[in-house]
Amino acid sequence: MGYEDAQAGAHMRTAFRNAEKHYKRYTQASSLSKSSRKKVPATDLHQVLDIRKIGAVLGDQKCSVQGVSRFEGPFDWAVYTLDAHPGFYFIPEALSAAQQLHWIVESLTTFPQPPNRTNHNAIYGPLKDLWLAYQEGKVLKEIASSTRHLPSVAESDATQRNIDVDGGVATAKAWQFCDRTEACGQLSKVVPAELLFRKLRWATLGLQFDWSKRAYDESLPYSMLPTDLAQLAARLAEAAVTKGEFKAEAAIVNYYGPDDMLGGHVDDMEADWSKPIVSISLGCKAVFLLGGASREESPTAMFVRSGDVVLMAGPARRCFHGVPRIFVDSNQSEVPDFAALVESQKGSSNLDAVVQYINQSRINVNIRQVH
Ligand code: OGA
Ligand code: MN
């Protein structure tokens, strides 16, 4: 889901929009500029479903509590459904802390690697080893501007390939990571890798999604989803798969900083809506909103924590959903103690930066069958 698209229609006062406004994070500065409120009141969270807690109360009972029911089946996890949202499944604590840490590391180091595309592609082209460059304190430098005559380059094509077209004369820009000292005193543009990493918002794995066309572009180079991720997704999807098998062909990885949110949207680009979207939450706790087929329907708010998995299949595939809030304060974020875990896993050092990142961020890996 594109962030611009996510915002389309967001200005309208719909029930979904009202819920987003209710849960979004207001900082002192933002509230002061918009109104004259001096103190930012705490968000009222008492309507937010806590399915982990409800599940613990439910145990093996068949009845439903607060519209949440246990879904019976031969699964590796306890699976819950919402009476009001057929086709939606919630799997609390599906991933152990060690598994979570593994996918957090992958999300930061390998998932943003070309040919996977990220939100930075449109401006800088493919960026190799962004995490490493950030760890090494490097900067991205514009290294060359060669002028060629490329009359046949269409404008849309040009944006993708990072070429400026000006009256048929194309300027190919190239960017490269280098040491700060190397970039020092040069006139060319430089961008710290740290800033680029902080502004990483999404990466696409497997079949590449083209946000501008709102479609998968199978002509783009891609690498298959990692086998272990595809296998995990197929296993998690089981509760929501009625016929055949779930084939993980693409994934979108969302990276959320303290003030980031994902506006209400529907994921409707995949051919087979009977197949679920498998959505894994990592890092800081968040509020997930699940609405109906229109924005006018009032959404259900629920907490998603690190290790929780959500499945959206069947009718729930047509439902608006979004993430208006993530909780980064350590007393609310409920991020597992990854530092202690790293400590106990001898030999795997160098994860301090990963732990630091995830204690202030949320990562969502959502996996799809495209065909
Ligand atoms: C998406 C999405 C939800 C989340 O990327 O399409 O709905 O939990 N993500 O971040
Ligand atoms: Mn979505």
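This is a predicted model: local features need pLDDT of at least 70, side-chain atom pairs count only at pLDDT 80 or more; totals for chains, interfaces and linings use all residues.
Residues are numbered from 1 along each chain as its sequence is written, chains are lettered from A and ligands numbered from 1 in the order in which they are written, and side-chain values use heavy atoms, with hydrogens and water left out.

The secondary structure of the protein comprises 14 helices and 19 strands, taken as DSSP runs (helices, H or I, at least four residues; strands, E, at least two) and numbered from the N terminus. Of the 371 residues in the protein, 51% are buried, where buried means under 20% relative accessible area, exposed over 50%, and partly exposed in between (1.4 Å probe, protein chains only). Contacts (heavy atoms within 4.5 Å) with a separation of 6 or more come, for 76%, from residues 24 or more positions apart.

The manganese ion (ligand 2) is coordinated by His265 (NE2), Asp267 (OD) and His321 (NE2), at 2.1 to 2.2 Å. Along the chain these donors follow the spacing H-x1-D-x53-H. Donors are N, O and S atoms within 2.8 Å of the metal (3.2 Å for Na, K and Ca), and the site may look incomplete because water is not among the atoms. His265 and Asp267 are both buried.

In general, rolling a probe the size of a water molecule over the atoms shows where empty space is left. On a 1 Å grid over the protein atoms alone, a cavity is a set of points where a 1.4 Å probe fits but cannot get out, and a pocket is an open set with protein on both sides within 12 Å along at least five of seven lines; lining residues have an atom within 4 Å of a point. Grid points are joined across faces, edges and corners, and a volume is the space filled by probe spheres set on the points.

Four cavities of 30 Å³ or more are present. The largest cavity holds about 180 Å³ and is lined by 22 residues, with Asn254, Leu262, Ser279, Asn364 and Asn366 nearest its centre. Two or more lining residues are given by each of strand 12 (250-256), strand 13 (262-265), strand 14 (277-283), strand 17 (309-312), strand 18 (321-326) and strand 19 (362-368). Strand 19 supplies the largest share, four residues. By class, the lining of the largest cavity has eleven nonpolar, seven polar and four charged residues (Ala, Val, Leu, Ile, Met, Phe, Trp, Tyr, Cys and Pro are nonpolar; Asp, Glu, Lys and Arg are charged; the others, Gly among them, are polar).

The second largest cavity has a volume of about 50 Å³. Its lining includes Pro112, Pro114, Asn116 and Asn121, and divides into five nonpolar, four polar and no charged residues. Asn121 is found in helix 6 (residues 121-124), is buried at 12% relative accessibility, and touches Asn116 and Pro126, residues up to four places away in sequence not being counted. The peptide bond from Pro114 to Pro115 is cis, with omega near 10°; Pro115 is found in the loop between helix 5 (97-109) and strand 4 (117-118).

The second largest pocket has a volume of about 330 Å³. Among its 18 lining residues, Arg198, Gly257, Pro258, Tyr357 and Ser361 lie nearest its centre.

The largest nonpolar core has 86 residues, and Phe88, Leu236, Ile363 and Ile367 have the most contacts inside it. Helix 11 (residues 227-237) gives the most to this core, with six residues. A nonpolar core is a set of buried Ala, Val, Leu, Ile, Met, Phe, Trp, Tyr and Cys residues joined through side-chain atoms within 4.5 Å. Beyond its neighbours within four places in sequence, Leu236 is in contact with Trp77, Ile91, Ala94, Leu95, Val278, Ile280, Val309 and Leu311. Another core, of eleven residues, lies apart from the largest one and includes Val48, Val287, Phe303 and Phe320.

Glu93 has a positive phi of about 50° although it is not a glycine. Glu93 is found in the loop between strand 3 and helix 5 and is exposed, at 53% relative accessibility.
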